[in-house]
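Here is a short report on one protein chain. Please view the sequence and the structure first, then read on.

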Amino acid sequence: MKLKGYRSTYHEDVRHYVQTEELLRYTGTPQDNIAISATTPTHHSILVYEKNQLVCFFALDEGALKTQYTSEPSAFVLRSFSTDARYLRRGYGKQALMLLPDFVRNQFPDIKEIVLGVNQNNLPAQALYEKVRFVANGRILQGPKGPQNILMLSI
């Protein structure tokens with residue numbers, strides 16, 4: 001499995017990425033995030049490949065939004081994490097999140113923490129994040145899709 005920063009050569013893979021309405025209740029689309037990344041250098045769109053197939057997507061945001069999640073200035077907010085609907089329940093999401101700390105250490109050596117907001121109603125996602133050692137930092141934020149528990153992972 002490989003984590004890769006988005007490049008335009010991956011456009012067709014992203015175009016074929018499948019998200020159901022149910023999945024979109026809690027997350028953003030790769031296309032929306034890639035559009036933000038194109039104009040915002042602090043927003044990094046990351047694709048996750050298993051062999052040659054795009055299986056997961058997320059963004060790492062080091063912009064001002066992070067101050068709502070953490071007091072750590074050298075932090076990323078993990079946003080819009082998803083698995084292509086055709087590849088759910090195969091362990092790809094967990095594997096991608098397990099690779100994330102080393103990816104950040106190698107690509108962004110100044111980052112010390114990754115934080116995220118997970119919708120309180122999205123229990124499967126919360127369980128997944130906790131399995132890969134994200135821990136609640138005690139904060140709850142009102143997100144666009146409901147209250148979010150804030151989880152963090154030290155790098």
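## Asn-122 and the chain around it

With a relative accessibility of 14%, Asn-122 counts as buried, because the cut-off for buried is under 20%. Asn-122 sits in the loop between strand 5 (113-119) and helix 5 (123-131). The model is a predicted one. Ser-80 lies 42 residues from Asn-122 in sequence, and their C-alpha atoms are 13 Å apart.

**Overall build**

The protein chain holds five helices and seven strands. Their order along the sequence is β-α-α-α-β-β-β-α-β-α-β-β. The radius of gyration is 14 Å, close to the 15 Å that the globule rule gives for 155 residues, so the chain is as compact as a globular protein of that length. The C-alpha trace spans about 40 × 30 × 25 Å along its principal axes.

Of the 155 residues, 46% are buried. Take the contacts between residues at least 6 apart in sequence: 61% of them join residues at least 24 apart. The protein chain exposes about 8500 Å², and carbon and sulfur atoms supply 49% of that area. Its side chains include 18 positive and 14 negative ones. The centres of these two sets are 4 Å apart.

Asp-61 belongs to strand 3 (residues 53-61). Its relative accessibility is 6%, so Asp-61 counts as buried. What does the side chain of Asp-61 reach at 2.8 Å? It reaches the backbone nitrogen of Gly-63. The Asp-61 side chain also makes a polar contact with the side chain of Arg-79, at 2.9 Å. Leaving aside neighbours within four places in sequence, Asp-61 is in contact with Thr-42, His-43, Ala-75, Phe-76, Val-77 and Arg-79.

Glu-113 lies in strand 5. At 10% relative accessibility, Glu-113 is also classed as buried. Its side chain makes a polar contact with the side chain of Thr-70, at 2.5 Å. Beyond its neighbours within four places in sequence, Glu-113 is in contact with several residues, including Glu-72, Ser-74, Ala-75 and Phe-76. Met-152, Leu-153, Ser-154 and Ile-155 are also among its contacts. Leu-23 is 90 residues from Glu-113 along the chain, and 26 Å separate their C-alpha atoms.

The side-chain approaches of these two residues are set out below.

| Side chain | Partner | Distance |
|---|---|---|
| Asp-61 | Arg-79, side chain | 2.9 Å |
| Glu-113 | Thr-70, side chain | 2.5 Å |

**Two positive phi angles**

Most residues other than glycine have a negative phi. Ser-80 has a positive phi, near 55°, and is not a glycine. Ser-80 is part of strand 4 (residues 75-83). Is Ser-80 buried or exposed? At 16% relative accessibility, Ser-80 counts as buried.

Arg-133 is not a glycine either, and its phi is positive at about 80°. Arg-133 is placed in the loop between helix 5 and strand 6 (135-143). Its relative accessible area is 59%, so Arg-133 is exposed, as the cut-off for exposed is over 50%.

Definitions and conventions: Residues numbered from 1 in each chain as written. Predicted model: local features only at pLDDT ≥ 70, side-chain atom pairs only at ≥ 80, totals over all residues. Heavy atoms only, no water. Helix = DSSP H or I, 4+ residues; strand = E, 2+ residues; numbered from the N terminus. Rg over C-alpha atoms; globule rule 2.2 N^0.38 Å. Buried < 20%, exposed > 50% of the residue type's maximum accessible area, 1.4 Å probe, protein only. Contact = heavy atoms within 4.5 Å. Areas by Shrake-Rupley, 256 points an atom, 1.4 Å probe, with all protein chains shown as cover. Lys, Arg positive; Asp, Glu negative; His and termini not counted. Charge placed at Lys NZ, Arg CZ, Asp CG, Glu CD. Polar contact = N/O pair within 3.5 Å; in protein donor to acceptor, adjacent residues only side chain to side chain.
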